[in-house]
Amino acid sequence: MALVSYIIGDCPSCGTPESYGNVTVSGNTLSRGCLKCKHWDRIPLPELKKKIIYLDQFFLSHAFRGQHKMFVEAQQRITGLALAQQVVAPYSNLHEDESQLWTESQRAPLLKFIKQTSLGHKFSYEYEVKNRQIHRAFRSFLVNGPNTDTVERADALRRDVNEWDNYVWIDVGNFSDEHDALKMRKDRSVEALLDVFDTWASTNSTFEEDVQSEVRSYAKSYIEHYVDYVKSIAGGDPGAFLNANENSMMIEGLLRYDDKLPAPLRMQRIMAFFQSDYFANVPEVRIGSEFFALLRQRLRQGEFINKEKNRSRFSGLFYDVRFISTYAPYCDAMVMDNLMYQWATDPLIDLPKRLGVRLFSRRNWNEFLTYLDELEADRSPGIDDALKMIRPVGARTPEWVRRGIGR
Ligand SMILES: [Zn+2]
């Protein structure tokens, strides 16, 4: 017998009345079975071409609070499109972190809402995405290959998003309480950023020089973390391995290539790689550096002189730059706040032109609604039929479902 979710009729094999129906959806197959016998049918489902949409914390928290109709309605339409297997809006570890910054009573409900909107789809962790991009660039560096970096969807998504969603998804995330640590880190990094504003505003450099300087400080932080790590191992710190952060682990990973070569030589290669265009063109490194270079440019032009306003204006900047620089190359569309939209579409960065990603914010909300209209109009009759098979109208739910087992 099978755990039938939707009963659609009598079993074609044993003839038991009201015992046959849908059991599970997996990959591109709907499986049907019987509550009484071993009868089993596999029904192929049509191919999917889902659009990948990143909804930022700003959008999702507004939809969650429910005070502005525009966000609520858009979120509902996206959920509808996700259930219709046309879009997928995975959440990321940044959503988890940013939700932790909320008040204690709101944290878990907000994250639950975010996970529901994503139907359980999750992007790979930031460090995994970076790791894959940097390793690919390093391999190309080692063989003098092309230094224009490419990305693969698998860098950022663990499973094929074009599989049909099953009836139930299991929330494997555990909500660790790191509120205080995250809050402190966030406040500190924003203060440190605001502290350099005056210097940046008065420095005469070009956008491209600023990008290079950001790339270099990025590389420097990798090396510094690794040096600290090696020092703590050399100093006999028993916690060195446990406390090693992802930056030093990255260098460890790069040291494993050609491990027959002497270690100093392998380290030299890594240093040369960090100085090269191979590293500067890693998408996450490049895009992140461009955002900070653009900020410097804006400061030079006399923008953002109100220090008090800046504190709230830039409080989420690091998170925003992180999600855009990490996930933009893997998305068909992204919804973000006005400032990030302005910067991402600035001619100096222009992510839509470079990556083909559609960007939306309140500034071009009508374009966003038109985009959703187009997706809704685009649903193929084959997929409609399959959706009706998967969730048949008028189907009964068997006893085990009604008792609440499994959902
Ligand atoms: Zn049967």
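Visitor: How many aromatic pairs does the structure hold?
Guide: This is a predicted model, where local features need pLDDT of at least 70, side-chain atom pairs count only at pLDDT 80 or more, and totals for chains, interfaces and linings use all residues. Residues are numbered from 1 along each chain as its sequence is written, and side-chain values use heavy atoms, with hydrogens and water left out. Rings of Phe, Tyr and Trp (its six-membered ring) pair if their centres lie within 6.5 Å; planes under 30 degrees apart are stacked, over 60 edge-to-face, and the rest tilted. On that basis, the number of aromatic pairs is 34.

Visitor: What kind of pair do Phe-273 and Phe-279 form?
Guide: Both Phe-273 and Phe-279 are buried, meaning under 20% relative accessible area, with exposed being over 50% and partly exposed in between (1.4 Å probe, protein chains only). Their ring centres sit 5.9 Å apart with 75° between the planes, and that geometry is edge-to-face.

Visitor: And why is the pair of Phe-291 and Trp-343 tilted?
Guide: Phe-291 has a relative accessible area of 0%, so Phe-291 is buried, and Trp-343 counts as buried at 0% too. The ring centres are 6.5 Å apart, and the pair is called tilted because the planes stand at 45°.

Visitor: Which donors hold the zinc ion?
Guide: Donors here are N, O and S atoms within 2.8 Å of the metal (3.2 Å for Na, K and Ca); water is not among the atoms, so sites may look incomplete. In sequence, the zinc donor residues follow the spacing C-x2-C-x19-C-x2-C. The protein donors lie 2.3 Å from the ion, and they're the SG atoms of Cys-11, Cys-14, Cys-34 and Cys-37.

Visitor: What arrangement do the 4 donor atoms around the zinc ion make?
Guide: Four donors count as tetrahedral if all angles lie between 85 and 135 degrees. The angles around this zinc ion run from 105 to 112°, so the arrangement is tetrahedral.

Technical notes: Tetrahedral: all angles 85-135°; square planar, octahedral: opposite > 155°, others 65-115°.
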